[in-house]
Amino acid sequence: MTEPDSLDTAAGSASAPVVRHGAGAVRGRLEDGLAVFRGIPFAEPPVGEARFQAPRPVRGWDGVREAHDFGPPPPQESGFQGRTGVLQGPTGDDWLTVNVWTPAPDPAARRPVMVWIYGGAYKLGHAGSPGYDAQHIARDGDLVVVTFNYRVGIEGFARIDGAPANRGLLDQVAALEWVRENIAAFGGDPEQVTVFGESAGAGSVASLLVMPSAAGLFRRAIAQSVPGPFFSDELAKDIAAAIAAEAGLRPTAADLATVDPRQLPSAGESFTAKMHQYEDRWGELAHMVTPFAPVVDGEVLPTTPWQGVAAGAARDVELIVGHNRDEFRLFTVLDGQFGKTTEEDAATALRRFGPGPDAEQAYRGAFPDASAGELHELVQSDRVFRMPSLHLAEAQVAVGGRAHVYELTWPAPGLGGVLGACHGLDIPLLFGTFTADLGNLLFADVEPSPEALALSSRFRASWTAFARTGDPGWPAYDAGRRSVQVLDVEPFVTAYPEEASRRLWEGYAFAALTLVE
């Protein structure tokens with residue numbers, strides 16, 4: 001692509017801003033004081049010969065392209081545990097598109113840029129989902145926000161022959177390269193880019209920290225609820241072979257390309273229900289909600305994030321990392337298991353997911369008054385989200401980098417308050433989208449209270465201040481004080497609140513999952 005050009009004021013009007021960038025001109029819309037551009041291609045559609053390959057540079061176009069609508073979602077499963085996948089969206093093959101919210105598409109503005117990466121267990125997600133409407137972040141923070149699609153599920157993460165690993169991550173790198181090359185035309189500063197994401201989006205952020213191809217594409221990063229599971233190359237290939245066999249195919253790009261990309265996710269979906277049958281080969285993975293995760297292939301992703309960060313790969317990247325107190329409660333409630341956990345269930349979870357062979361005894365000793373349900377939830381919250389997040393911050397600090405840590409403890413009001421500060425609650429609070437996607441559940445039949453609105457505003461103020469200055473408004477984490485921002489009705493700074501869990505997992509290495517020997 002060529003360097004971005006300037007705003008085409010002659011071709012646009014106050015209600016239809018036109019920007020010329022590397023691939024051509026795009027016409028957006030003026031919405032409540034923001035110029036909004038949707039569905040701009042950042043790579044060629046990954047179909048035909050390009051299917052299962054690294055993203056290819058987008059071809060330019062003549063004239064002015066309308067950028068009013070989000071691009072079509074990438075092919076994906078219908079959903080899991082109450083979370084739907086694709087909502088309403090256009091159809092087509094142009095999955096790899098970006099969206100921009102900007103206070104002024106003026107190349108002289110040079111505003112900080114925040115780039116959002118959605119989650120969804122690496123098998124769901126769409127930047128056009130209503131819960132990711134970035135208008136409040138862009139407007140409150142007076143900065144530019146970019147969201148984009150990347151390939152998920154089999155298309156993006158299955159480790160198949162004839163295709164590069166981690167295609168979904170390569171899409172993310174291509175989107176960040178688009179930002180570097182073009183965001184100035186939309187009023188952003190390519191030298192002041194912050195990536196932020198939640199759940200699988202946070203795992204993606206963590207991956208980008210240690211990927212050679214992503215080096216220099218962003219200055220700051222925010223990882224909200226980093227998931228721990230990453231796969232070894234050997235395990236990922238075994239998983240891909242099992243999924244392909246579900247469709248009667250070999251795990252090759254050539255075989256899988258014979259199935260329409262919109263039909264292929266059904267193989268992954270039906271396979272997920274059978275994953276428990278592979279416990280003897282896959283261990284704890286067989287009891288998780290997704291067979292997809294970033295693959296430590298040695299090339300695209302050379303190491304796990306924890307290993308790479310501990311080696312100094314992201315020392316110069318300023319970082320926010322955090323988690324929610326009751327992460328796993330969301331899945332327990334959606335599974336209909338809240339309040340039904342038996343002592344046997346708890347013992348199984350402690351042995352399966354805890355840190356080491358004595359995990360059950362260690363957890364029962366650290367939490368002597370915890371019920372079976374609380375122990376079941378604690379160990380899975382710790383294994384999947386809380387301790388991976390904390391360990392990433394600790395790895396960054398250990399090599400002289402800077403990290404700020406937070407914990408969200410304010411409980412979701414929906415469903416009578418049983419959800420607590422569960423997984424995903426930070427999304428509607430950050431975006432201010434209380435009635436969309438997960439917000440429909442977390443705030444079900446409840447109008448956002450003044451407390452919720454104030455906390456939502458605080459989220460955005462901290463995140464955007466960090467994107468602007470590197471300081472979210474609370475002290476950096478260190479191995480001595482372990483200062484953490486607790487986000488609640490009255491936010492406060494304290495030593496890391498989950499000290500009992502921190503001690504249980506101290507020294508644990510979040511290595512890539514491997515085949516069971």
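In which sense do strand E2 (residues 24-27) and E5 pair, and over how many bridges? In this predicted model, local features require pLDDT of at least 70 and side-chain atom pairs count only at pLDDT 80 or more, whereas totals for chains, interfaces and linings use all residues. Residues are numbered from 1 along each chain as its sequence is written, and side-chain values use heavy atoms, with hydrogens and water left out.

Strand E2 and E5 pair in the parallel sense over 3 bridges; pairing requires at least two bridges found by DSSP. Helices (H or I, at least four residues) and strands (E, at least two) are DSSP runs numbered from the N terminus. Val 26 has Arg 65 in E5 as its bridge partner. The open sheet comprises 3 strands in the order E1-E2-E5, with mixed pairing. Its edge strands, E1 (18-21) and E5 (64-66), each pair on one side only.

Helix H3 (residues 167-182) packs against helix H4 (residues 200-210) at an angle of about 75 degrees, with the axes 11 Å apart. Axes are lines fitted to C-alpha atoms, for helices over the stretch in contact, and angles run from 0 to 180 degrees between N-to-C directions. H3 is therefore roughly perpendicular to H4 (65 to 115 degrees). Leu 169, Gln 172, Val 173 and Leu 176 of H3 meet Ser 204, Ser 207 and Leu 208 of H4 (heavy atoms within 4.5 Å).

Asp 238 lies in helix H5 (residues 233-246) and is buried, with a relative accessible area of 18% (buried: under 20%, 1.4 Å probe, protein chains only). Beyond residues up to four places away in sequence, Asp 238 touches Arg 281, Trp 282 and Leu 515.

Technical notes
Parallel < 35°, antiparallel > 145°, perpendicular 65-115°, else oblique. Buried < 20%, exposed > 50% of the residue type's maximum accessible area, 1.4 Å probe, protein only.
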